[in-house]
Structure formats: structure tokens, C-alpha cells
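Dear colleague,

I am passing on the structure below, followed by notes on what was found in it. Please read the notes with the structure open beside them.

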Amino acid sequence: MRKANQKIALLTNGRQWRLIHAGSDYDAWCEWDIDLWFEEGKPGLQVLALRLLLGEQSLHPEKPEKPSPLITAIQASRQGQAELSDVLGERVRKAVELLIKESSTAIADRSEDITPLETADNPVSNRDIYIAATRMIMRCVVILFAEARDLLDRTNQIYYDSYSISGLREQLERLSGGRAGDRLRNGYSAWSRLLALFRLVYFGCSHEKMPIPRYGGGLFTPGDAEAKDPILRALAAFENPDHTPSDAVVYRILELLSRSKVKVRQGRSSTWVEAPVDFSDLSSEYIGILYEGLLDFELRRAGEQEPILFLNLGDQPALPLSRLEAMDDAALAALVEKLKQKSKVVTSEDEEEAEEEEIAEIEGEAEENEEIEAETPAETELEELEVDGDLVQELRERAYQWAVRAVKAGKLVAKPRNKKAAALAEYEQAVSKVAKNLIVRIVLPGEWFLVRWGGTRKGSGTFYTRPQLAIPTTRRTLQALVYEKESSIPKKPEEILALKVCDPAMGSGSFLVAALRFLTETLYESLHYHNRIEAHGNDSLCRLADGTGTNSLMEETLPVLPDHPDFEVRLKALLKRYIVERCIYGVDIDPLAVELGRLSLWVETMDGRLPFSFVDHKLKCGNSLVGCWFDRFQDYPAMAWEREGGDKNHDKFVHHFREYVAKTGKKKGQQQISGDKWTQAIKDTKNDIVKPELKRLIAALDPERRQQLRLDIPQFDLPQTPEEIHDETLAIFEEMHNLRVDDTEERERRYRERIQGSETIHRLKFAFDTWCAVWFWSGDEMDIAPTPEKFFNAPTETKAIIERLAAQYQFFHWELEYPDVFASVNAGFDAIIGNPPWEIQKPNSKEFFSNIDPLYRTYGKQEALNKQQEYFSNDPIIEKNWLAYCDRLKALSNWNKQVAFPFGDEEDGGDKFSLSKSKTGV
């Protein structure tokens, strides 16, 4: 249908009639059974529906350029799903935030018997806590999917009553009304039941009355208080039975995940109502909703004496209440005017999306938006917390009184023209209403909360690429690779399984899921076309490799015959596992995005008879733009020194400066100070150390001069040649690929022990990291920089910084991470898919300093510059962090410019690196 550009088709086998719609990114259908067409000899509702959908009015457009009413209705349904997505993403974020907030005691506890949450060598960061909490919520999401699709058997009474989320939510719902609600607030059994369910999914159950396979999977790996991984230690805190959230909190979390607001038409207008989420009808696109709702946030904690307000202005900034109360009316008016300006959101789907009018939202003119915003956590969450009632009431009153002042000072409600009592009363009533809507949320002192970098709850950031873009783009990209040239004949199964497809900025994996689906359908088509499916006794044999009658591991046996109703579903479930293992690769710089990408593939390949896929070796965390290659790591990257230090134009310095005597110009001989301390240090190191050492290194590489000067060729200390290490790693990957698709435990064991646990691979990776670290070395650590003579055998203190930079910049070395892709000369991926993020390599002072002073975004240009100097005076760390932020961007800019030709050889096509101090060079 898509090839013929037909949107609608009618399919029948004589008894069932199916109306099919083939959209660009999805399929939809409805079906009739002729046995139900007539009731007592008269046409029934099915006939009426058939006539309505297939009638002339439904199929013919009113105007030539318009779609038909049937297509319009289908598109409206898709638009409804998009609206649902926006609300779901917000509710998932609230669930994560609520879990962190209610687990604050466990997170902050430092007196555990085994290991404290933080250790000196590898402390648990706020980001680790956030990822761990997200993982807990994602476990619930996966189980909701599994139960809705009967992958976990809800008909088993023991499972349903004692373990299932569906059963738990029903039990909690019965206890939530009236006086019984006190039992939820004082009960603490629900969280323990969830933890038992997570372990049941991970370990399985062999009891005959509740048989459940061992699904395993990294998502359900239990926390470990003694683990080196800080995320596992954070998970252990959430799983600590001594600090469990109340049953009321668990009920609220499950409500946030399983119910949502949907738009319902009422006459000419529409309204939002709460309805259950049908997980059986949702697919992995739901993970994209998680992605959009979670990725750009970071975890913070309010000061012990400092409540925070989220304001319903602009991008909903989080501001300290005491700072707001200290402002006079003029300052408040300016604040309101500044904050009303909302950051423009630009997405791949609609780059011209206009900014919404914020005043309209505040005053309630945009009723549909107000319905969503009306569910403010300030009112619901404070009631659920077991905090001192007087404190909550006091904060609410303080916040309300300030909001009234802000509404009046900012003129958010027009004053009445006459002074009659009725008009004044109406004005005060309007002020009160807008003031209440002005405060989105109150964060209590010491409470955890989520906010975007820059101190707002909303604004432009990372966006999930919708299926409307991902699926057609992926299909067009891969079509030429899976079909014979200029034909509709699918290539052989082994050719399709040999494809390597990668998204180097995968986010939550929307393009990879699209590729997985497309390749699965094509592989299924290929198996039929090339006669690779045959009956084998009571089973079906599928030959995925060469079609011969061998007992290859690339043959799969299904315990059903090809004409069995479940054959297609069961075969495609297996084919998806093969495609993920052999064809799909993805990278992202954000660990949380990688978690969500893996979750997308878990959901897409979910099968009740198979354990969760192990995909850690396919979807990886790293900076796909910053890494080294085998043909470069043993040559010194001279062009890494052609950069600034992030402080070249730093003229508002306080603590960061250098003193020197001017050698030229009018001030020659005079003592001077300048803020370019790091930039000058990089320049001095390049001229005084790097260039002389590089000359000696080049001499050592010249055979005649090496013998004359008795020099050794420097090289990294590796136990084997790089080529031998690569070949051994490649062999391990091939072994993992050849394991049965359901042998996930063995695949994981080999990867953990033989790849991640390999000292040889770690030493080679460190050599690659050293090459990259030269490009990002900070100007305040030049004394231990990896200059040419320290490059191959770095001192201990230099090695420590290399390891730190590798973690900070997340160096990603493609040939080491995916040796099976780069197995020969000119090898690589067959297709690169995705929607890469764009970013300007310039410092954003507004976002950076708004993290320090939430009111910074409201300052004018000169006032902002003066404030920067004030911050630097009060805290030297702020000045250093700002310059380190600028330095990072300068280093990345130099990397992007010079890394293609890193050795300064003009013959290669890049810039020349001079070995003399003069600009002309030698």
C-alpha cells in the first residue's frame, strides 16, 4: 500500500472484513465478522459502522487538496495521541520526583551497616540518584506493559493478588477513599511488594503454581550497597526496607503512571478529563515520552531554611521565596515583565512554532492549557507529605501574600476604572484567582526537586523525534539496502542480518526502534520469499544463514507449524532478537538517554517466553564525536595545542589573573595583569616544551638520526600488538553474536568478564584516552600535561587526570567499542540514521549564572556583567567553574576544527603546525 501510495484498503477472506489504513509511520485497522452483521434478520451495528466508514461521504474529500473525512478522523486520532504524550511525560517526571522526595531519608542516611551511600573514591552524585530513581519508575512501566499484554499472567491468582501492579493498584484504590485513606498514609507494605515483584521478574520462579521465567535484564538488577557503580549504590538506598515510602505515596506513583488527562470534545469546545492509560495499545513510543519528560532535568535540593517557588511565568523559573519577598514593587514589576518571556521551543517537526502568550495562560483565557497546569503539585503533594502542618500553612500564606503583591505590581489584572465597592471587590477577587495560579509549586526547605539546567521547569531542550519523522526517514534509508536494486525482491536473510545500522545520537532510540521494525518485516518477508521456512515434524525450521541443511546456530526451531495462528507472532519475536544482536547499534552522551534507549528495545522485543535482551554491548554511553582510532593513537596530536584556554577575553577577573611585564608597546617594562592565565599557559607550554620535545620525537622516528643519536622509538606499553588485541576482541563479539538469542545470561557474562573485565583492553583504551586527553588538558595543569615525552609513559599524576578527562568528556573509541563493525579495512556501518542534536559552541551566560542566582535572567546586560563580578568576588570557585565551562567549549571547538588532520601536516589537507616559535615556522 505504501509503495502504491494508497492510504486505505479493504481485505477479506470471505468471513472477516478488515479496513486497513497505512500511514507513513503507523498502521491502523478495524474488522467485521459477517456472522455478527445481522441480528434477528435485521442489519446490526456492525453493518451500520461498515456503511459509515465505507460510504461515499467518508471516502471522498470535500475539496481536491483536502484528505477524505475518514483520513481526517484517523489523523485526528493520532493528534490525540500526541496530546496524550505531552501530559504523560509530565506525569512520569512527577512520579520520579515524588519517589526521590519520599526517599530522602534513605538517600541522606549515612549510618548504614554495610557501606555508606557516598564513598571517597566514587561518590554518588545527584545525577546518579536521579538515574536510580528513574530506573525504579521504569521498572513499573515495563511491568505495566507486560501485564497489559499478558506477558505476565494476571490470570494466575497468586501472582495477581500478591505481586502484580494491576492487583496492587486495585487494592490501594479500594483503601484510598474516606477514612480508609488514613490506612494508606500509615501503611508501608506496598513498596515492599513492588520490590518483591522486581526480584521476581529478575530471578524468576520455578514453583509449579506460579511459573515465571527468569527475565534478568540490567533494568531489574538489584541495588548493591557495596558496588563500585554509584547508580547501584543509589538503587540500594531506594530498596532499603528500613526507609520505604508510605502506601499513599506508592498509590500516587501508580496513579501518575497508569492514568492521564485526555482531551474530550464537548460540543464546539473540548475539556480535559482523567482516564486510564491503555498500555496494551501503547508501544515503545511511550519511552520517547519518558525521554522528553526526564532527560533535561537535574536533581537539586532546597536549602534548609530556603523554600523555593515555581512560578507560572515564562518557562516556570524556580526562585527562593526570601529573595522574592525582599523585592519592592518596582523590582517585582520588572521581574514579572522579564519572566513572562518564554524561551522559544524549536523542534524538528515544527521549527516555526510560535511562542504561547503567557498572560493568557495566567488569566485563564487559554482554558485547555490551564486544565493541564491546574494539576499543580503545590496543592496535591504537600497534602501527601508527613510534614508539620503549621509549616506548610505558613509557607502557603507567605507565598500567596507575595503572589498578590506580584500580580498587582506586575499589572497582571487590570485595575477598575471606578472606585465603587463592587468593582474593587471584583478586582480583588480576580487578583486572588491569578495569584493562586501564579504559583505552580512550593518546594519545602531541604526538599529534593527537579529543574532544568538554568533553573526553570520548562523551556527548550531535548525533544523526542516523533514516529512521523523517524519511521519514514528510516524506511527510505534502509530500503535500498534490503531489496534488490530497483525491485521489490528482498535480499537473502543472511544479507539482511549482515547489515550494521547505527544512530550516533540515539536519545531514547526512536530511530533504532523504527529500524528494528522495518528490518524485522523485511527479514520475515525474505524468509518466505527464499523458502527458508519449512515444517519439521511438529515444529517449524527457519534457516537464517545460508539455506543449507546444517545444524548451524543460525537456524531457529519454533514449536508450531507454519500454518499455526501464532506462527508469525512467535517468529517475529525471535527475528527481532537476532536483528538487535547483529544489526542495531546506538550511542548517546547522556547515561539516562542510554537507559531509556535500552528500555525502548526491551519493550519492542518483549516476549513472555524469552528473557530480556542484553543490549549493553549494542547501546553504549559516550561522546560519539570525541574518540581515537587505531591508525592515530601512537602519533602525537600536535594540533591539540592550537587552542585557547577559555579565558582569553576574561576582563572581569577577580581571582583568576596573571602578572607579567609588558615587552612591547607603550607599556613596555611596566607590570601588568591579565585574565588570560590559562590561554597564556597553553601557549607557553606549546612553545617551550611541546615543540622541542616534538622535534626530538620526530628525530627518534627517523632511522638514520635514531641510530646516530641512539634514541628508542617511544610507544605505549601494551601486552600485545594493537592488531592482536582487536582481533581477540572481535572473536569474543562474534562468539556473543552466535549464542542463541535467549542465552542472555551467557552473553552478559562474556561481555562483563572478557570485555569490560579485560586488563589488556583497558590498557589499549587508556592509550586511546591519552591521545584524546591532550586536546582537553586544562590550562591550570600544564606542569603535568601529556607533552610528547610524557605521552607514551605518563607519570602517575598525569594518568589520574587522563582518567578524569576520559570520564568527563566520555571519550568513545568506535573501533574498540564495536570491533565487529570495524573488522576490516574500509569497514563500517551500512547506514547511519537519526536526528542529531545541534548545539552552538558558545558559552551561555544566562543559563550558567541562573544556576547560581535564579534571578540572573531578569537582569539587564550591564547589570548582569556587574553581577558576574560580584559572584566572582564572593566565591572564587564560581569564577573558576565559569572559566572551566568556557574552556570546555573552546577545546571542543578546536577538536571539531583540527581533529581530521591532527598532526599539522599541510600535505594531509589541514593546518600547518609550526615547530618554531615564529609564525612562519620551518
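Angles under 35 degrees count as roughly parallel, over 145 as roughly antiparallel, 65 to 115 as roughly perpendicular, and the rest as oblique. The model is a predicted one, in which local features need pLDDT of at least 70 and side-chain atom pairs count only at pLDDT 80 or more, while totals for chains, interfaces and linings use all residues. Residues are numbered from 1 along each chain as its sequence is written, and side-chain values use heavy atoms, with hydrogens and water left out.

The axes of helix α27 (residues 722-738) and helix α29 (residues 759-773) come within 11 Å and cross at roughly 125° (axes are lines fitted to C-alpha atoms, for helices over the stretch in contact, with angles running from 0 to 180 degrees between N-to-C directions; helices, H or I of at least four residues, and strands, E of at least two, are DSSP runs numbered from the N terminus). The two helices, α27 and α29, are therefore oblique to each other. P722, I725 and T729 of α27 make the contact with T760, I761 and L764 of α29, contact meaning heavy atoms within 4.5 Å.

Elsewhere, three strands form an open sheet in the order β10-β9-β11, with antiparallel pairing (two strands pair if DSSP finds at least two bridges between them). β10 (318-320) and β11 (439-443) stand at the edges with a single partner strand each, so one side of each has no neighbour in the sheet. The twist averages 30° from one strand to the next. Helix α19 (residues 421-438) packs on the sheet, touching β9 and β11, and its direction makes about 55° with that of β11.

Best regards
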